[in-house]
Amino acid sequence: MRDVPPTAAAPEGRRAGNRWIALVVLCVSLLIVSLDNTILNVALPTLVKELEATTTQLQWIVDAYALVFAGLMLVSGSSADRFGRRRVFTTGLALFGAASAWAAYSGSVEMLIAARAGMGVGAAMMMPATLSIITDVFRDPGERRRAIGIWAGTSGLGIAIGPVAGGLLLERFWWGSVFWVNIPVALIGLVCAQLLVPDSSNARALRPDPVGAALSIAGLGLVLWAIIEAPVRGWTSGVVLGAGGAGLVVLVCFALWERASSHPMLDLGFFRARRFSIATSSVSLAMFGLFGALFVLTQYLQFGLGYTALETGVRILPVAGLLAVVAPLSPVLVRWAGTKTVVGTGLLVVAGGLWQLSGADTASAYGDVLGGMMLLGLGAGLVVPAALDSLMGTLPPGDTGVGSATNGVAVQLGGALGVAIVGSLLTTRYQDRMGPPLRPYRLPQDVSDSVLGSLGGALALADRVGGTAGRMLATLARSAFVSGMGLGLLVGAAVAAGGALLAFLALPSRPSRQHPAAAVHPGPEEPE
């Protein structure tokens, strides 16, 4: 165990006077990161119409951001500890704003995917720095739990207002406005952070680990590419199996490198503490279900039920609103019932919501899916703050940047895998149901690709054809989409239920009485 020196910070008196103001600045600035996720989900059907994006391309638009976000966050966490948490946060905020402007004026799907990756760089620098600053400033465990609850609630608020904000913008402006809205928030946040947020660092933090970052991005990228491209190229094709296998090999090399490195971006010793490892897994599995469901539900509500972007945003509110309301209450429930109970129950609720949503069909109305959406928001609101408090409470003060980055990786990786797997299962079932009936018509290749590429493409052709043939094509496409959505959500429900079982069996209910720093090293087993 290496010695961790005291974290450089403002004097206690100044800390006491400014910490809640600093929390407000950090949370408001971070709002655009969570806001961007749900704004983009509502805009996905618009991107199908305006940029002719296929479902596979929509997955990349979402996951390019999450992949870079997850791959760089650990390096950003260690960089924040070493070079200054406020400095890294403000740099990331500036990059996020600049990449948002690039995304807003992208002229093609490929350019938008690249811009989203650039936004991921900025978000990766912001997220761990904010939580690290909060953990450093709020040293009292009770205050820290409340501050983390507010932080998580702010993220929930971003998810809550994102769909409605996106719908309003899309009804009045072009699709790029959903990214342009980030720019003024970023500018105001930069000014306020310099004036109101205290800086801190770990004077003896280990230097950054670019090799580890490159290995993690390459490994995750290859695995996600294989999952997303499998419906198009075939799940058993050599290139898909080769890319997926190569990705797993690279991830093994990443783990070996981190274990042998003198300056790893992720100390694998943290995972010896079950309060850290199981909490991280729980967050990832909850986000798997949440992000995967939002990816398909926004398309279902617009293409399947015929709602506008604004109407869809309003109807997504129960998910986001319940998450925002429940998240600040989760730490209170932890003190009463214990981490194990809250996290395990939350994952079971997520599983129940996904299972209910998987039963939707072409005859379903909004009321038929509302209950499942509410369960999804309720469960995620229970899991994330409770698991996050467990994770952060395991770490010594000097490693809060890397620890909070690990939580961010869990969120983004879980979300990316949810979008990739649920979306790919949707695409596979959709193409299996659409392909055979269309084959006798010998459609031109570009028309066939559009119809098989997305529900939006099929509905656009149905509108052009019109008449009985157009109605038959639209009915077939909606039926195929709903079938694929049900398959993807059912798999998500099974994943969340497995996470609940893991939490109930292995996650300790209460913190160890030993000093948090000792929890990352071998020692007596943590109490149940």
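Buried means under 20% relative accessible area, exposed means over 50%, and partly exposed is in between, with a 1.4 Å probe and protein chains only. Trp 175 is buried at 10%, and the tour returns to that residue below.

This is a predicted model, in which local features need pLDDT of at least 70 and side-chain atom pairs count only at pLDDT 80 or more, while totals for chains, interfaces and linings use all residues. Residues are numbered from 1 along each chain as its sequence is written, and side-chain values use heavy atoms, with hydrogens and water left out.

**Whole chain**

Start with a cartoon view. The protein chain has 18 helices and zero strands; these are DSSP runs numbered from the N terminus, with helices being H or I of at least four residues and strands E of at least two. Of its 528 residues, 60% count as buried. Contact means heavy atoms within 4.5 Å. Among the contacts with a separation of 6 or more, 84% are between residues 24 or more positions apart.

**Aromatic pairs**

Four aromatic pairs are found in a search of the whole structure. Rings of Phe, Tyr and Trp (its six-membered ring) pair if their centres lie within 6.5 Å; planes under 30 degrees apart count as stacked, over 60 as edge-to-face and the rest as tilted.

Select Tyr 105 and Trp 174. Their ring centres are 5.6 Å apart and their planes meet at 35°, so the pair is tilted. Tyr 105 is in the loop between helix H3 (85-104) and helix H4 (109-137), and Trp 174 is in the loop between helix H5 (141-172) and helix H6 (177-180), so that the pair links distant parts of the chain, 69 residues apart. Tyr 105 is exposed, at 55% relative accessibility, and Trp 174 is partly exposed, at 37%.

Next, select Trp 175 and Phe 179. Here the centres are 6.5 Å apart and the planes are at 90°, so the pair is edge-to-face. Phe 179 is buried, with a relative accessible area of 1%.

**Charges over rings**

A charge sits over a ring if NZ of Lys or CZ of Arg is within 6 Å of the ring centre and within 35 degrees of the ring normal. Select Arg 116, which lies over the face of Tyr 65 at 4.4 Å from the ring centre. Then select Arg 315, found over the face of Tyr 366 at 5.7 Å from the ring centre.

**Nonpolar core**

A nonpolar core is a set of buried Ala, Val, Leu, Ile, Met, Phe, Trp, Tyr and Cys residues joined through side-chain atoms within 4.5 Å. The largest has 149 residues, and those touching the most other members are Val 33, Leu 47, Phe 179, Met 287, Leu 290 and Met 434. Centre on Met 287: leaving aside neighbours within four places in sequence, its contacts are Gly 292, Ala 380, Val 384, Val 411, Gly 414 and Gly 415.

**Glu 258**

Move to helix H9 (residues 238-260), where Glu 258 is found. Glu 258 is buried, with a relative accessible area of 2%. Beyond neighbours within four places in sequence, Glu 258 is in contact with Asp 209, Gly 212, Pro 264, Met 265, Leu 266 and Leu 268.

**Helix H12**

Finish at helix H12 (residues 330-337), in which Ser 330, Pro 331 and Val 334 are buried. These residues cover an arc of only 100° around the axis (taken from the directions from the helix axis to the C-beta atoms), which puts them on the same side of H12. Gly 338 follows H12 and has a positive phi, near 100°.
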